Amino acid sequence: MQVRGLTPGLYDNLDKVVSSVLNAQLKELKPIWRDYFNVKTSDRKFERVLTMVGMGDVPEKAEGAAYTTDFIRQGYTKDFTHTEFGMGFEVTPTALEDDQFDQLEKSAMWLAFSARVVQEKRAANVLNNGFSTELSPDGVSLFNSLHVLGGSAAGTARNILASAADLSETSLVQALVDLQNQTKLESGQLVAPITSLTLIVPPDLEFLAERLIKSTGRPQSADNDLNAIKTRRTWDVVVNPYLTDNDAWFLVASNSKMHGLVSYVRVPVTQEPPMTDTRTRSRLYSVRFRQSWGAYMWQNTFATPGA
């Protein structure tokens, strides 16, 4: 006697529906984290990034004197070890027989959504923990007032406000000034200031951020001045609901290749081949992925936890 829930044709139809829904949902859910992360593929268990210490300033040379020599040296290293994620759902023969395909489709949608949420949370945690446990290659927190430069006697630099402050015209201008004065190479030289930036804020600061960078006149002022924040820089705003501090705000170079926030994708979100439990005849659908997130340098990122 043949049971409808066990016919290969019915399973085949279900497999196609689940696969179609999963793929469609993954395409429709626009990732937030990709707006400010540099995304790279990986073909190994972990990725190791080396920073380099460049040459110092070219010194004066007297006529006929020998040239002073210098060389490029290895700086700090940072390892990115990929984490594996996976989850699935089962469809019993009874559910398949009576089927409520709309319920099965919803299960597939939730599976894809769950994978996306994990990616968002892990990426946001690089910023959320950037004042504490998320480390830059020099061994201090990603956003820190004492980044030790790799060159001999190169000193330190910071990518955090000297005094934590809530988002305002004054604090944002100060952050832009600090970016120019404090963003240094490992050898100690200042780098060319970035002029295209992404301001990353929680939902609580979305509309304030928009006024600060888009107003034609000077924001939060009755003076008839132009808004220099808008005219002197090019801006993007990313609103991230996965940020855990409602006062914290972050600046990164809009060109993700110019800062160190990176995610290595070892295995993208992938639907595994459907399987049938030989004891229960239930059908199992699952997804898995392997990925890592972090920062391989602190330069061209800036932040404050708020006042």
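Trainee: What percentage of the 307 residues in the chain is buried?

Mentor: Buried residues make up 43% of the 307. Keep in mind that this is a predicted model. Its chain has six helices and 13 strands.

Trainee: How much accessible surface does the chain have, and what share of that surface belongs to carbon and sulfur atoms?

Mentor: The accessible surface is about 16300 Å², and carbon and sulfur atoms account for 52% of that area.

Trainee: Why is Phe85 called buried?

Mentor: The relative accessible area of Phe85 is 14%. Buried means under 20%, so Phe85 counts as buried. Phe289 is buried too.

Trainee: What makes Phe85 and Phe289 a stacked pair?

Mentor: Two values decide that. The ring centres of Phe85 and Phe289 are 4.7 Å apart, with 20° between the planes. Rings pair if their centres lie within 6.5 Å, and planes under 30 degrees apart count as stacked.

Trainee: Why is the pair of Phe85 and Trp293 called edge-to-face?

Mentor: The centres of Phe85 and Trp293 are 6.3 Å apart, with 70° between the planes. The distance is within 6.5 Å and the angle is over 60 degrees, so this pair is edge-to-face. Phe85 lies in S4 and Trp293 in S12, so the pair ties together parts 208 residues apart in sequence. Trp293 has a relative accessible area of 12%, so by the cut-off of 20% Trp293 is buried.

Trainee: Which residues do ring pairs link into a cluster with Phe85?

Mentor: The cluster holds Trp33, Tyr36, Phe37, Phe85, Phe289 and Trp293. The structure has ten aromatic pairs.

Trainee: Which residues touch the most other members of the largest nonpolar core?

Mentor: That core has 26 residues, and those touching the most other members are Tyr36, Phe37, Leu127, Ile200, Phe250, Leu261 and Trp293. Helix H3, strand S9 (249-253), strand S10 (261-271) and S12 each supply at least two residues. H3 gives the most, with four.

Trainee: What does Leu127 contact, apart from its neighbours within four places in sequence?

Mentor: Leu127 is in contact with Tyr36, Phe143, Ile200, Leu243, Phe250 and Leu261. A second core, separate and made of 21 residues, includes Leu176, Leu179, Leu208 and Ala209.

Trainee: Why is Asn129 called partly exposed?

Mentor: The relative accessibility of Asn129 is 28%. Asn129 lies in the loop between H3 (101-128) and strand S5 (147-148). Its C-alpha atom is separated by 9.4 Å from that of Thr244, 115 residues apart along the chain.

Trainee: What are the phi values of Arg281 and Asn300?

Mentor: Phi of Arg281 is near 65°, a positive value in a residue other than glycine. Phi of Asn300 is also near 65°. Arg281 is in the loop between strand S11 (275-276) and S12, whereas Asn300 is in the loop between S12 and strand S13 (301-304).

Trainee: Are they buried or partly exposed?

Mentor: Arg281 has a relative accessible area of 34%, between the two cut-offs, so Arg281 is partly exposed. Asn300 has 10%, under 20%, so Asn300 is buried.

Trainee: How do you know that Ser286 is buried?

Mentor: At 14% relative accessibility, Ser286 is under 20%, so Ser286 counts as buried. Ser286 is found in S12. Not counting residues up to four places away in sequence, Ser286 touches Met87, Gly88, Leu111, Thr270, Gln271 and Glu272.

Trainee: What makes Lys61 a charge over the ring of Tyr67?

Mentor: Lys61 lies over the face of Tyr67, 4.8 Å from the ring centre. The distance limit is 6 Å, so Lys61 meets that part of the test. Arg73 lies over the face of Phe71 at 5.4 Å from the ring centre, so the distance there is within 6 Å as well.

Terms used:
Residues numbered from 1 in each chain as written. Predicted model: local features only at pLDDT ≥ 70, side-chain atom pairs only at ≥ 80, totals over all residues. Heavy atoms only, no water. Buried < 20%, exposed > 50% of the residue type's maximum accessible area, 1.4 Å probe, protein only. Areas by Shrake-Rupley, 256 points an atom, 1.4 Å probe, with all protein chains shown as cover. Phe/Tyr/Trp six-rings, centres within 6.5 Å; stacked < 30°, edge-to-face > 60°. Lys NZ or Arg CZ within 6 Å of the ring centre and 35° of its normal. Contact = heavy atoms within 4.5 Å. Core = buried A, V, L, I, M, F, W, Y, C linked by side-chain atoms within 4.5 Å.
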